[in-house]
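Thanks, everyone. Let me put the chain on the screen and walk you through it.

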Amino acid sequence: MTDKTYTSINRAFFRAMALLSAAFITMLFITSSVIFYGRIFRIEQESAIRQLSYISDQLSYYLRSVDNYSKTIMIDASIQSYMKTYNEASYKLNALDDMAIKRKINQIIQSTRFIHSVSLYGPDKKRIATTAISPYPQDLTQVESIPEAIWLPSKKYSNTNSKKVLYCHSLVRPFYDYSTGTLLGYVEFAVPESPLSDIFLD
């Protein structure tokens, strides 16, 4: 074998080894990248699932709390009594009555931060009482029918700035005299949009 032939074989061997090494390194890089990005994807996916679960839990908590509070107010004996008195005698609640109702409602909802206010309306859908500091000039007369609990868009004045209008979602439901089944009126729970949107920012 001549030196020239030996050199050619050597070069071919090292070229083959270099190509094989390059192919191996490339495959190793691709495999490592797939594993790495697959792990990153799983981490991101798990994080997204946890975030969605948190959002779902928070929304469920808000909705469940508002629903439970509204049911508690509907069957409260003192509020039932106020509403029956108002309806039976066309009695206009005075300042003391108004304070008593607000105090009772606040005892029930316990200054829950995501509830802006609770309002009571007569069967004619006109507001009788509200815990709002500055009542917004809007009642339920524009709502045609409220046969059961419904969520409606609403506006309220901020409790800290009476010139600021808050956009809210209100749970409105009819409630009845638990002894006769007569319609006593409606209860409204106003929840500003901001606490709801804040869930998505946490």
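Start at a strand pair. Tyr121 has Arg127 in E2 as its bridge partner. This is a predicted model, by the way. E1, residues 117-121, runs antiparallel to E2, and three bridges join the two. Five residues lie between the strands of this hairpin. One of the hairpin residues, Lys125, takes a positive phi, near 70°.

Now go just past E2. Thr131 sits in the loop between strand E2 (127-130) and strand E3 (150-157). Is Thr131 buried or exposed? Buried: its relative accessible area is 14%, and the cut-off for buried is under 20%. Its side chain has a polar partner. A polar atom there lies 2.9 Å from the backbone nitrogen of Val118. Beyond residues up to four places away in sequence, Thr131 touches Lys102, Ile105, Asn106, Ser117 and Val118.

Ile105 takes us to a helix. H3 covers residues 95-109, which makes 15 residues. At 1.5 Å a residue, H3 should span 21 Å; the end C-alpha atoms are 21 Å apart, so the two agree. Which residues of H3 are buried? Asp97, Ala100, Ile101, Ile105, Ile108 and Ile109. They cover an arc of only 160° around the axis, so they sit on the same side of H3. Turn to the face pointing away from that buried side. There you find the exposed residues Ala95, Leu96 and Met99. After H3 comes Gln110, with a positive phi near 55°.

H2 has 13 residues, 77-89.

Next, the core. How many residues make up the largest nonpolar core? It has 24. Ile73, Ile105, Ile115, Val118, Leu120, Val187 and Phe189 have the most contacts inside it. Helix H1 (3-75), H2, H3, E1, E2, strand E4 (165-176) and E5 each supply at least two residues of this core. H1 gives the most, with five residues.

Back to Ile105 for its contacts. Setting aside neighbours within four places in sequence, Ile105 is in contact with Ile73, Ile79, Val118, Leu120 and Thr131.

Last stop: E5, residues 183-192, and its residue Leu183. Leu183 is partly exposed, with a relative accessible area of 26%. What does Leu183 touch, not counting residues up to four places away in sequence? Asn87, Pro123, Pro174, Phe175 and Tyr176. Look also at Gly122. Leu183 and Gly122 are 61 residues apart along the chain, yet their C-alpha atoms are separated by 8.8 Å.

That's my tour. Over to you.

Note on methods:
Residues are numbered from 1 along each chain as its sequence is written. This is a predicted model: local features need pLDDT of at least 70, side-chain atom pairs count only at pLDDT 80 or more; totals for chains, interfaces and linings use all residues. Side-chain values use heavy atoms; hydrogens and water are left out. Helices (H or I, at least four residues) and strands (E, at least two) are DSSP runs, numbered from the N terminus. The expected span of a helix is 1.5 Å times one less than its number of residues. Buried means under 20% relative accessible area, exposed over 50%, partly exposed in between (1.4 Å probe, protein chains only). A polar contact is a pair of N or O atoms within 3.5 Å; within protein, one must be able to donate a hydrogen and the other to accept it, and residues adjacent in sequence count only if both atoms are side-chain atoms. Contact means heavy atoms within 4.5 Å. Two strands pair if DSSP finds at least two bridges between them. The arc is that of the directions from the helix axis to the C-beta atoms. A nonpolar core is a set of buried Ala, Val, Leu, Ile, Met, Phe, Trp, Tyr and Cys residues joined through side-chain atoms within 4.5 Å.
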